[in-house]
Structures are given as structure tokens and as C-alpha cells.
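Morning, everyone. I have one structure to show today, and I will keep it brief.

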Amino acid sequence: MMARATIYVGCTVPQLLRGAQSRIFPSHSPLGVLRHSAFCYCTGNGTIKSKRKMDHLERTANNFRQEVITQAKVCGITNESETVKRLRLAIANKDFTFKAGQWVDFFIPGVSVVGGFSICSSPGLLEREGILELAVKHTAHPPAHWIHTECTLDSEVALRVGDLHGYQEGKGNRHKLGTAKLYYSAKNTSELLFKKNILGLMKAFPGKILCCFHVTQQRSQICKELQPHITEGRISEKDLEKHVSNDTSWYICGPPPMIESISKLLTNIGVPRNCVFFEKWW
């Protein structure tokens with residue numbers, strides 16, 4: 001067995017939280033073995049093609065989905081930041097399951113456009129409490145707009161899990177627990193979602209989970225708890241080059257221009273393109 005390191009670079013963090021809470025870090029985790037149609041490898045020049053005008057169902061038409069569509073009721077709405085709401089959904093269907101790294105098709109009565117959102121809670125929360133959580137940024141996209149302007153407690157929606165890959169355990173793919181290093185960039189500290197959760201994970205798994213927060217437009221004073229972990233400015237080549245090795249997997253999450261920029265940077269510092277993964281459905 002061998003240990004591997006995992007580097008997460010991005011503007012959103014649900015994969016780290018789900019994977020850490022489920023204690024899934026190795027490259028052969030469900031995140032790492034998702035179908036190639038769900039995670040894009042970097043192209044030779046480190047670029048991707050973004051089809052911004054396609055809707056969620058068109059972009060993910062070739063992706064595997066569970067057959068079941070499950071009813072859900074909104075049981076909690078909180079503001080994670082000025083632009084992001086966390087939605088808590090009660091799931092009554094005991095057969096509804098997901099794995100760390102998956103997303104859901106989000107069906108809203110009266111809204112013709114189907115949303116696609118990453119799940120930001122762990123499978124364990126669903127098993128224990130029947131609760132699933134989404135973190136949704138405010139945009140003009142109809143499903144996101146509905147969540148921010150019309151959604152209320154007890155609103156009813158429907159969900160379908162996408163991207164389930166038939167991962168077979170126990171076939172020589174086991175690894176020792178490696179390390180996970182997160183480079184997390186936002187405009188300011190108020191937009192660093194789940195920062196308290198991340199700090200908690202760092203304390204719970206010292207030396208195994210590490211994080212460096214980056215802020216690009218900070219105007220107010222940074223609190224003492226965050227100061228040791230904050231770097232002002234964008235994620236740079238200097239930040240990432242120290243982690244290049246044959247045993248490191250890289251996951252990028254963020255808007256298309258950010259993914260393109262980071263994927264080019266990784267190519268420049270010698271990261272093999274088959275070690276770099278990012279979500280395609282933007």
C-alpha cells in the first residue's frame with residue numbers, strides 16, 4: 001500500500017468537506033474514479049472549452065444518473081455569505097444515496113430549467129439525519145435565482161443524483177491515508193465559505209488536512225483565528241510548485257477562467273495532465 005497526496009485548488013470547497021468527513025482522501029476514492037465524462041482531463045495546452053450557453057441537462061446529457069427522482073422538502077435556509085445560501089433538504093426516501101463528489105439535478109415546480117448543484121454535505125449526514133445540503137451562489141440562472149428569491153421553508157423540490165460510478169472496492173486499489181492540501185481563493189474572508197468547518201478539520205486531522213486561504217480584495221481586518229492561514233493575492237505558481245510529485249493528484253474547482261488559468265499553471269510546472277481533474281458542467 002502507498003500513501004498519496006491530494007491538492008485541491010479552487011473557489012469552492014464541497015469536495016474537500018465531503019471527502020474529509022467521509023475520510024476519503026486517496027486518488028482511488030470515488031472522486032478520483034468518476035467517469036472521464038464527468039471529470040475532464042486537462043488538454044495538451046492546459047485549456048478547456050466552456051459552453052456557457054448550454055443548460056445543465058444538455059451539458060451533462062452523457063453522464064450517468066440514478067433512475068430514481070426523489071422528493072425533498074426545504075427544512076433550513078442560511079446565508080453562508082452575502083452571495084451564497086446553504087439549503088438544507090429533508091429526504092424521506094431511504095433508498096436515496098450518494099457518494100462524496102456527486103451532484104444533483106434540481107427540479108423546481110413551475111420552473112422549466114433544471115438546476116445542477118454540488119452536494120456540500122457528507123453522505124454520513126444523510127444516513128444519520130436524512131438531510132442533504134447544497135450551497136448555491138446567487139446568479140441570474142433560474143434555479144439559483146429561485147433559491148435566493150422565492151424558496152422558503154417547506155418548499156418542495158425533487159432531486160436526482162448524477163455521476164454515480166460503479167466503484168469496486170477490494171481489488172488492490174487500497175492506499176494508506178495520504179494528505180489533502182487545499183488552496184482556497186475568494187474575494188474576501190466573508191466569501192470563504194465553510195472556513196470554520198475547514199479549520200475544524202485541520203485540527204481534527206493535524207498534518208493530514210492543510211489549507212491556505214487566499215483573498216484578493218480584502219478591505220477589512222482579518223480575524224486572529226484566520227490570520228495564520230491567510231495569504232493576500234491570487235494562487236501562484238510558487239504556491240503550487242512545491243507539491244509537484246508522482247504521488248500527487250490535483251483537483252480544480254471554480255469558474256471556467258480560473259480553471260483554465262490554474263490548469264495552464266500546472267502544465268507549466270510539470271504536472272502530468274492525467275493527474276489533474278476538474279468538473280466540466282458549467
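Predicted model: local features only at pLDDT ≥ 70, side-chain atom pairs only at ≥ 80, totals over all residues.

Residues are numbered from 1 along each chain as its sequence is written, and side-chain values use heavy atoms, with hydrogens and water left out.

The protein chain has eight helices and 13 strands. Those are DSSP runs, numbered from the N terminus: helices are H or I, at least four residues, and strands are E, at least two. Of the 282 residues, 51% are buried, meaning under 20% relative accessible area with a 1.4 Å probe, protein chains only.

Now the sheet. Six strands form an open sheet in the order β6-β5-β8-β3-β4-β7, with antiparallel pairing. Pairing takes at least two DSSP bridges between two strands. β6 (115-118) and β7 are the edges, each pairing on one side only. β3 and β8 share four bridges. K73 stands opposite E156 in β8.

Next, the cores. A nonpolar core joins buried Ala, Val, Leu, Ile, Met, Phe, Trp, Tyr and Cys residues through side-chain atoms within 4.5 Å. The largest has 23 residues. Which residues have the most contacts inside it? L89, F106, L132, L134 and L159. Contact means heavy atoms within 4.5 Å. Beyond four places in sequence, L89 touches residues including A72, V74, F106, L132 and L159. A second, separate core has 20 residues, among them C120, I209, V215 and I230.

Key. Buried < 20%, exposed > 50% of the residue type's maximum accessible area, 1.4 Å probe, protein only.
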